[in-house]
Amino acid sequence: MELEGQLCRIFFLCLLAAQQSDAEVTQDNTAAELDTSYFFYQDQSYPRDCKDIQDHCSTQNTTGAQVIQPDGYNSPFWVLCSGDWTVIQRRSDRLVGFSRSWAEYRDGFGFTNGNHWLGNEKVAHLTNQKTYELRIDIETESGLTGFISYGSFRIIDGFSDYSLVSVVRNNDTLESVVTWCPTNTIPGNCNRCIATCADPSGTVDCSNDCGDIQQTCICPPNYLMDGTNCIRQEDCGCYKEGHGIIADGVSYVAPDCSERCACSSGVLSCVRQSCDRDATCKEVDGVKSCSCNEGFAGNGLRCTSIRTNRDCYDIMRYVSTESGVYSITPSGWAGGPFNVNCNMTIDGGGWTVIQRRVQTSSRYDFNRDWGTYKSGFGSYSRGFWIGNEQLYYLTNQGEYELRIDMVNRDLSAYHAKYDLFRINAESDKYKLSGLGSFTGTAGYDAMSRHHNKYFSTRDRDNDGTSQYHCADYYDGGWWYGPSSGNDCSYCNLNWMYTYYSSTVGYWYNLPGSDYLLYTEMKIRPRGAN
C-alpha cells in the first residue's frame, strides 16, 4: 500500500540510557566517538537494547537518542528510544532520501533524532538476541493515523540477505491489516479512563473505559473525546484558563471562592465574588462554595445572624475574638438587643463589661437617680454603668463570675475575682443576692461586706443605716449598708469623682493606697475559662 508522505515507525520493547543531540546513523558512529561520562555504565560493556537501559534507569526520562551494543556486534551505536520502544526506522518528510544502495541499507543512514534507517546489520543483531515485538505507526498526509503490532519479529544476517524470518501479528481479529485511528486521535497505550468533554478529568463514574485493551486510538495532549472524535479542549464546552473545561450547564467556583463561572450553550460567563465576613469558603458535596458559619443563615455571600448571643462569651465563641462593642440579647430580655463592651483579652476573654471609670481632667457624674441607674448611662471612653435591669437579666440566665480590675493612686494594678455574682429584680431593689469566693491580688475581700445589700441611689435610700443616706453622702449609686455599726461601705466604685482628691473609687485595705484612679467591673459565665 503506497502512502504519500507516510510515517512508518518500527519499535522494539526497550528503554533508554543517555542523551545525545542528533547523531548521524552510519557504521562509523562507534564507541570511540562517545564521551562515556554521559552514561550510567562506566565499564567497557553497553546495554544490549532499550530494555537493558530501562532496568538501570527506570526513574529517569530516557526518551531520546541512546547508546546500545547488541550481543555480537563489534561496537556500540546510537539509537532513538520512544517510551519503551527502540526505533529502527523513522520517516516523516522527504528531507532524507530512502532510495539507497545495499550497503547503505546494511550500515544505516539518516539521523538518529530525525528520518533514518538504523541498518540491517544492527537490526539483525538486535532481533537475534531474544524475541522482540514490532509496532508500526502510520500517518497519512490527510492526518489519518493507524498502527499494527506483531508479537514476534526477527531478521537473519547478511549471508541470507537479511531475510524476514519471523513476523506474527498480535491481534488476528483485526478486520484489516492496519488499525486506523479517527481524525485527531493517535495510536497509544490505554491505561486509564477516557477523558471526555463531559468528564475532562476522566474520573466521574469511571469503570475503566479501556478494559483489557492495551493499544488503541487515544486523544493527543490538550484534546478530549467528543463522541467518537477528539476535539481541542478549548472547543469542548467552555474552556477556563488555569482550570480547563467546564461542561455545559455546570458551574465552577475558584478554590478561594473569589470567582464563579458558568457554562451555557458553549458561552462562559464569570463574576467576581467574596464570601461574607460570617462565611467560610469550603467544599460542600464536592463543590467549593461560600457557606455561612454556625449561627448564621444566607447564601454565603450575605449571611445574617440567627443566633441569639446572650453575652460576650457567646460573642467570643461564635462571632469574634476581638474586643469591642457588640449586640447581645440576654435570655428573657424583652427590650430588644442592646450594645455592650466586650473584653476578649483579660484572663481568657469573654467578659461583658458592666462598669468602667477612668480618671479624667473633667468630672463625669455618677450621682444619678434610680431610673438612670436602672437603664444605664455613660460612654466607654469616659465611664459608664450598664444598667441594673440589664444586669439583672444577664446574671440570672446562668451562673456568672465577677472580675474587678483597679489601678490605685500609686499606679499599682490589682484585681478581685468572685466565682459567683448575681443581683435580684427591681422588685427586690436589685439586691446583691449572690457573691461567691474571693481570689485575686486586691488583698482584702472588701466586696463581701456588700453581699445581700440593696442598691441605693440619691433618690432611693435602701441602705438600712439610721445615721446616713449613703448614696446621697457619697454622691453615687451602690449596694450600701452597714456590715458593722453604721458603716456605709468597704468598697465603692461609683462615688463622686471629686470626693477624695479626684479619685473614682475606693477599696478597703489594698496593699497600697485604697483610693482608685481606674476601675472596670466585668462578668462572664462561671467556669467559662
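Let me start with how the elements are named: helices (H or I, at least four residues) and strands (E, at least two) are DSSP runs, numbered from the N terminus. Hello everyone, and thanks for coming. Residues are numbered from 1 along each chain as its sequence is written, and side-chain values use heavy atoms, with hydrogens and water left out. What you see above is a predicted model, where local features need pLDDT of at least 70 and side-chain atom pairs count only at pLDDT 80 or more, while totals for chains, interfaces and linings use all residues.

First stop: Asn-115. You will find Asn-115 in the loop between strand 6 (109–110) and strand 7 (116–117). Buried or exposed? Asn-115 has 6% relative accessibility, so it counts as buried; the rule is that buried means under 20% relative accessible area, exposed over 50%, and partly exposed in between, with a 1.4 Å probe and protein chains only. The Asn-115 side chain reaches the backbone nitrogen of Ser-92 at 3.0 Å. Setting aside neighbours within four places in sequence, the contacts of Asn-115 include Arg-90, Asp-93, Leu-95, Phe-98 and Phe-109, where contact means heavy atoms within 4.5 Å.

Next, please look at Tyr-444. Tyr-444 sits in the loop between strand 34 (438–440) and helix 7 (470–474). Again leaving out neighbours within four places in sequence, Tyr-444 touches Phe-438, Arg-449, Tyr-490, Trp-507, Tyr-508 and Asn-509. Take Trp-507: Tyr-444 and Trp-507 are 63 residues apart along the chain, and their C-alpha atoms are separated by 8.4 Å.

Three strands form an open sheet in the order 18-19-20, and the pairing is antiparallel; two strands pair if DSSP finds at least two bridges between them. Strand 18 (251–253) and strand 20 (267–272) are at the edges with a single partner strand each, so one side of each has no neighbour in the sheet. On average, neighbouring strands here are turned by 15° against each other, direction ignored; the axes are lines fitted to C-alpha atoms, for helices over the stretch in contact, and angles run from 0 to 180 degrees between N-to-C directions. How many bridges join strand 19 to strand 20? There are six, with strand 19 covering residues 259–264.

A quick look at helix 6, residues 388–395. Six of its eight residues are buried, so helix 6 is largely enclosed by the rest of the structure. Among the buried ones are Asn-388, Glu-389 and Leu-391.

Finally, salt bridges. A salt bridge is a side-chain nitrogen of Lys or Arg within 4 Å of a carboxyl oxygen of Asp or Glu, and by this rule the count comes to 18. One of them joins Arg-48 and Asp-71, at 3.1 Å from N to O. Arg-48 lies in the loop between strand 1 (9–11) and helix 1 (50–56), and Asp-71 in the loop between strand 2 (64–68) and strand 3 (77–82), so this pair ties together parts 23 residues apart in sequence. Arg-48 is partly exposed at 26% relative accessibility, and Asp-71 is partly exposed at 42%.

Another salt bridge links Lys-522 and Glu-520 at 2.9 Å, N to O. Are these two buried or exposed? Both Lys-522 and Glu-520 are buried. Salt bridges with shared partners join these two into one network whose members also include Asp-347, Arg-403 and Arg-524.

Technical notes
A polar contact is a pair of N or O atoms within 3.5 Å; within protein, one must be able to donate a hydrogen and the other to accept it, and residues adjacent in sequence count only if both atoms are side-chain atoms.
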